[in-house]
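Here is a short report on two spots in one protein chain. Keep the sequence and the 3D view at hand.

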Amino acid sequence: IDRAVGGNIILLTAGATYLGNFVLPVKSGSDFIIIRSNTPDTQLPNGTSRITPAAAPLLARLQSPNSSPALRTEAGAHHYKLLFLEFGNNSGGYGDIVDFGDGSSAQNTLAQVPHDLVIDRCYLHGDPAIGQKRGVGLNSASTTITNSWFADFKLSGFDTQAIAGWNGPGPYVITNNYLEAAGENVMFGGSDASIPNLVPSDITVRGNYFSRPLAWRSQSWTIKNIFELKNAQRVVIDGNIFENHWAQAQPGYAIVFTPRNQDGNSPWSVVQQVRFTNNVVRNVSSVFNILGRDDAHPSLQANDIYIANNLFENVSTAFGGSGRFMLIAGAANVTVDHNTVLQDGWTSLYSDQAVSPGFVFTNNIIPDYSWAVMGVNTSPGNGTIAAYFPNGQFLNGVYAGSPAWSYPVGNFYPAAYADVGFVNLAGRNYRLAATSPYHNSATDGTDVGCLIDRLNAAAGTAY
C-alpha cells in the first residue's frame with residue numbers, strides 16, 4: 001500500500017488472511033489504487049451483482065487483531081477502491097471494521113476529510129456468536145458502497161450498525177447491498193459533527209436489502225431501528241426492502257427521521273429534503289417516527305420530507321409496539337402520497353404534542369381499527385387534523401372502516417379493508433382491480449394507493 005501509486009492494482013491472495021491494522025495513506029493524482037483478491041473476474045460477480053457469503057473462499061480476508069479497524073484512511077487520503085475482499089470481525093467485536101474518515105474531534109476541517117473511496121463487492125461481517133459493533137464508519141466525502149454484503153453487526157447493550165456516518169460531508173452512494181444490523185442497519189448522525197455546521201448531504205440509498213434474522217428476537221442483541229437519520233439532508237431512499245423489526249430497546253419504529261443535536265454541540269443538526277419512494281417495509285412493529293426538533297438540545301426543524309409510492313406490509317403488534325404507520329410531531333412540509341398500508345394497530349397516523357405545518361396526505365390506503373388519524377388530547381379525524389395539521393391537505397385517500405362524518409370530505413370510506421377492491425388481498429396482490437371504486441380515482445388520475453408495477457420495477461420485488 002505504501003509503495004502503490006494511482007492506477008496500481010494490489011492483488012491479495014484469495015483464501016489468505018491479512019492480519020493487521022492497515023492504513024490508506026495520502027497519494028497524489030486522481031487515478032484509483034485498487035486493492036482486491038487475485039481471483040479472476042470470471043469467477044466472481046459482475047459489476048451489477050451483489051456478492052454473497054458463498055463467495056468467501058474466493059476472497060482475500062483482512063482482519064484486525066484488536067479493537068482498531070482492519071483498514072482506515074489517513075487524513076486527506078483519496079482514490080482507493082476495495083474490491084472482492086472479506087473483512088472479519090475485530091477482537092471481541094469492538095470498534096469499526098473499516099473507517100473512512102475520522103469520526104472524532106481530530107477531523108475538524110473539510111480539508112482533512114478523505115474522499116473518492118469505493119467498496120464494491122466486499123463481504124463484511126461480525127462473528128455469528130459475539131457480533132461486531134460497526135462495519136463502516138462513513139465520515140468521508142464522495143464515497144460509494146455497492147454490491148456488498150454486511151452481516152452479524154450486533155451486540156448486547158451497545159448500538160451497532162452496518163454503516164454509520166456523522167462527521168463527513170458526503171456525497172454518499174449506498175446501492176445494492178445486503179445490510180444486516182441490530183441497532184440501526186444504516187444511520188446518519190448519532191454523534192455530533194466536529195466539523196462546524198456539517199450536515200451529511202447528498203445521500204443516495206437505492207436497491208438495498210435491509211434485514212435481520214427473526215431468530216435474533218429470542219436473543220439478547222440490542223434492537224433499535226432499521227434506518228435512521230439524525231443529521232442529514234438531500235437524501236434519496238428509493239427501491240429498497242426494509243424488513244424484520246420489533247420493539248425491544250426502543251418502541252419499535254423501523255424508519256426514524258429525528259433531528260438530534262446529540263451531545264449539545266451541533267445545533268445546526270437537521271433532517272431535510274428527504275425522498276422516501278418505491279420502498280417495501282414489511283414485518284415491522286411500526287414504521288415512521290418523524291420528529292420536528294430535538295427535544296433534548298437545540299436543533300433545526302425537520303422539513304421537506306416526501307414519502308410516496310411505498311408498500312407497508314404486515315405492520316403488526318405481533319412485533320411489539322403499536323402496529324402504527326406514522327408518529328409525527330412538529331415536522332414541516334411532510335408529504336405522504338400514494339402509499340398502501342397494511343397494519344393491525346388502532347391508529348395509522350398519530351400526532352404527538354407539536355403542530356406539523358404544511359402536511360399533505362393524499363391518495364393513500366389505510367385501515368381504521370379504532371382511530372385512523374389521532375393525536376394527543378384530541379378527537380379522531382377532523383379534531384386531530386384541526387389541532388395538529390392546520391390547513392393540511394387530506395384528499396382522495398381510502399380510509400377503510402372510518403366514519404365519513406368525522407373525517408375530511410374528498411376522501412373514500414369503505415366499510416372494511418376487504419372492500420377496497422384489491423386484485424387478491426389474501427394472495428398479496430395489492431393492485432386495485434379494474435372493478436375497484438378507487439381505480440383511477442387518485443388526484444393524478446391513477447389508482448389510489450401504491451402503484452405496484454412502479455414499485456416492483458424500482459425495488460426488484462414481485463408483488
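How many bridges join strand S15 to S18, and do they run parallel or antiparallel? Four bridges join the two strands, and they run parallel. S15 covers residues 161–165. Bear in mind that the model is predicted.

**Strand S18 and its partners**

S18 spans residues 184–188. The strand is mostly covered, with five of its five residues buried. Strand S21 (residues 227–229) also pairs with S18, through three bridges. S18 and S21 run parallel. In S21, Val186 stands opposite Phe227.

Now turn to strand S32, which holds Gln343 and runs over residues 340–343. Is Gln343 buried or exposed? Gln343 counts as buried because its relative accessibility is 6%, and the cut-off for buried is under 20%.

| Side chain | Backbone oxygen | Distance |
|---|---|---|
| Gln343 | Gly345 | 3.1 Å |
| Gln343 | Thr347 | 3.1 Å |

Which residues does Gln343 touch, not counting those up to four places away in sequence? They are Val315, Gly323, Arg324, Phe325, Ser348, Pro367 and Tyr369.

Gln343 is buried, and its side chain reaches the backbone oxygen of Thr347.

Methods: Residues numbered from 1 in each chain as written. Predicted model: local features only at pLDDT ≥ 70, side-chain atom pairs only at ≥ 80, totals over all residues. Heavy atoms only, no water. Buried < 20%, exposed > 50% of the residue type's maximum accessible area, 1.4 Å probe, protein only. Polar contact = N/O pair within 3.5 Å; in protein donor to acceptor, adjacent residues only side chain to side chain. Contact = heavy atoms within 4.5 Å. Pairing = 2+ DSSP bridges.
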